[in-house]
Amino acid sequence: MATDTASPDNTEASEYVQPKIDVPALTALLDGRHAEVRNLVRTNLAEYSSVLEEAETMSTDEFRDRVRDLVVEMASTGQTGMGFPEQYGGGGDVGASIAAFETLAFGDLSILVKVGVQFGLFGGAILQLGTKSHHDAYLSDLITGKLMGCFAMTETGHGSNVQALGTVATYDAEAEEFVINTPDDASRKDYIGNAARHAHTAVVFAQLEIEGKSEGVHAFVVPLREDGEVRPGIRIEDCGRKLGLNGVDNGRIWFDEVRVPRSALLNQFADVTADGVYESPIENPNRRFFTMLGTLIQGRVCVGGGGINAAKVALAIATKYAARRRQFNATSDDQEELLLDYGIHQRRLFPLIAKTYALHFAQEIVAAQLHELSSHTDAPEEGENEHYRRELESRAAGTKVAGTWHATQTIQECREACGGAGYLSINRFDALKADTDVFTTFEGDNHVLLQLVAKGLLTDYASDFEDMDQFGMVRFVAGLAVDTVLEKTNVHKLIERIKDVMPGGDEWDQEAGLLDPHYQLMMLRFREEHMLGGVARRLKRGIDNDMNPGEVFSRVQDHVIGAARAHVERLVVEAFVDKVEELPDGDQKVALSLLCDLHALCTIENDRAWFMEHGRLTVQRSKAITREINGLLRKIRPLAVDYVDAFGVPPEMLRSPELVGD
Ligand SMILES: Cc1cc2nc3c(=O)[nH]c(=O)nc-3n(C[C@H](O)[C@H](O)[C@H](O)COP(=O)(O)OP(=O)(O)OC[C@H]3O[C@@H](n4cnc5c(N)ncnc54)[C@H](O)[C@@H]3O)c2cc1C
């Protein structure tokens, strides 16, 4: 409970009553339906907390082996196999497996990423892209960690553009084998987690060639090591020291005439008959490829959640420190001021706490939707299924982008908020910064993912969505009236609906209260729709002027990214508003409303120039938003430590003995 009961100076004495936070109850709300799983992981993290220190004291090789051993030990508790089918020793619960992964992000992030590589990427590829024979052959052993594997997709030459990979798998009908080759150095597999030291087996993505014809990228199971030795025809090199995550052994792989049996093709979406006939239920190669990739979104969902939880660790340390650390006499001659009582410190930390809550609830939605889709409970009707899946892919991409950029920004701000102490490795920011940095790049580079989000919005997740490359999308949008693009978007429908409930209809921005969630969402929906319309208009104009579609897209790209960001920001605010609305009246609802208002108003304030440029914010109203935010900060101040305690980061994971106290 908060002990500081200083009255916020702008509180209108009449209505507002400062709430009290029941921290365990708020933790329970955040933990949601997977509280038990999250607590199991918390217990395991606390038990193995010495790993945070070992990351600093062990040699790279020792630490990599230590991380591998811990991952295998954790596997024996069941926490890493929850997403796999029960008949192979898994838990049959995708939602639980995401919750377990997210919670693991409170601890050492090499362990998190090693788990992600082994069970999410390698295991996920076998599960999603393979069929029963692959499941029978590999799942039981990989779930226990007996079979260590890697996911070899990226090459030096191509990371984001996976369709352009250079590795080739040629079918030899006589031997009924595929022959895997790395044609040049740009086609060597690169950055592959688990490859440099521990993987026995890889899922390798390669261009399938049959009798000189390329069938596009497919995945193959390829053994890499036998009795600890790299197999003939395979060359592996260590990627060496990295900016972070040095407990993970990333490596490069070359293949020279490596033969694997026909059964090595993960044949969920396509197969090759013994005599070399290519068969797939999905005719269009683009669609086949994107359908295949789409099944792997769990990794993306997990990384987003991991980023959000890493941000919670940083905020817990910085907020608790600021509630103890004093600097300069400000309001008293006898005692220096607590950092947390400085307005600017509140301005730096509290919007980040609020955004963390918002992202947590947005992530909860993505995880629940993925769980539904995977378990087919409550899954939408057959016809809607494709649309639902595409929308989820887009939402997962957007939440990953928001969560991982938030982690990078928050950890840096929290490091600075702890001054020199924040720079010492024992206080965690060293590892948090270094290890989360790459979350913005792997599982899809954030800027590339935002373009995927925009493509979904502009095409309304059209049925030929997956067939379209960027330029196809430009042509598609250019072929529609701008109004058609907009009318199809969800945001347009929402705006129409909400206009009815806003005072003053179209004049809503002049009338509504700043703390009215309808007003806040209306602003964000208006911005999103306007930006999307701007993109559609610009694409259309370019094509109408006979410009090359690639050139048109490139010129409009900053607007594309802006529209996608606006969409994601709206979804995140909406998730928070919906969560608060669901709560019964009481202190918890009031406490979360404060954060929700702060997050929504900061989101508008951050882009106030745009809203003013577009006639949705007057100068007076813009200043009123800033005043309102400052008022909220003072109401939040007495509750700040409770908000971060409710994250439920185990004390052992905060480390920082001199910063957070007992
Ligand atoms: C530590 C680590 C672990 C990894 N683990 C694995 C693994 O286990 N398995 C695996 O297969 N891969 C792995 N990767 C690879 C990772 O997924 C890729 O690095 C990532 O997909 C980005 O690809 P790239 O590095 O080729 O960057 P690029 O695609 O070359 O991107 C470089 C920059 O160009 C920008 N860019 C790219 N395309 C466009 C465009 N169309 N428009 C505008 N801008 C663009 C991007 O935004 C980015 O800023 C790992 C990487 C790292 C660093």
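Q: Axes are lines fitted to C-alpha atoms, for helices over the stretch in contact, and angles run from 0 to 180 degrees between N-to-C directions. At what angle do the axes of helix 14 and helix 18 cross?

A: Two packed helices are described by the angle between their axes and by the distance between those axes. Here the axes of helix 14 (residues 470-478) and helix 18 cross at roughly 95° and come within 8 Å. Helix 14 and helix 18 are therefore roughly perpendicular to each other (under 35 degrees is roughly parallel, over 145 roughly antiparallel, 65 to 115 roughly perpendicular, the rest oblique). This is a predicted model, where local features need pLDDT of at least 70 and side-chain atom pairs count only at pLDDT 80 or more, while totals for chains, interfaces and linings use all residues. Residues are numbered from 1 along each chain as its sequence is written, and side-chain values use heavy atoms, leaving out hydrogens and water.

Q: Which residues of helix 14 and helix 18 make the contact?

A: Helix 14 brings M473, V474, V477 and A478, and helix 18 brings A536, L539, K540 and I543 (contact means heavy atoms within 4.5 Å). By class, the contact has 7 nonpolar, no polar and 1 charged residues. Ala, Val, Leu, Ile, Met, Phe, Trp, Tyr, Cys and Pro count as nonpolar, Asp, Glu, Lys and Arg as charged, and the others, Gly among them, as polar.

Q: How many helices and strands does the protein chain have?

A: The protein chain has 25 helices and 13 strands; these are DSSP runs numbered from the N terminus (helices H or I, at least four residues; strands E, at least two). Its C-alpha trace spans about 85 × 60 × 40 Å along the principal axes.

Q: What volume does the second largest pocket have?

A: Rolling a probe the size of a water molecule over the atoms shows where empty space is left. The second largest pocket has a volume of about 710 Å³. Of the 27 residues lining that pocket, K355, Q409, E569, T603 and N606 are the closest to its centre. Helix 10 (343-375), helix 11 (382-417), helix 18 (517-544), helix 19 (549-582) and helix 20 (587-606) each give two or more residues to this lining. Its residues divide into 12 nonpolar, 6 polar and 9 charged.

Q: How many cavities of 30 Å³ or more does a search of the whole structure find?

A: The search finds 4. On a 1 Å grid over the protein atoms alone, a cavity is a set of points where a 1.4 Å probe fits but cannot get out, whereas a pocket is an open set with protein on both sides within 12 Å along at least five of seven lines; lining residues have an atom within 4 Å of a point. The largest cavity has a volume of about 60 Å³, and its lining includes D31, R38, H360 and F647.

Note on methods
Grid points are joined across faces, edges and corners, and a volume is the space filled by probe spheres set on the points.
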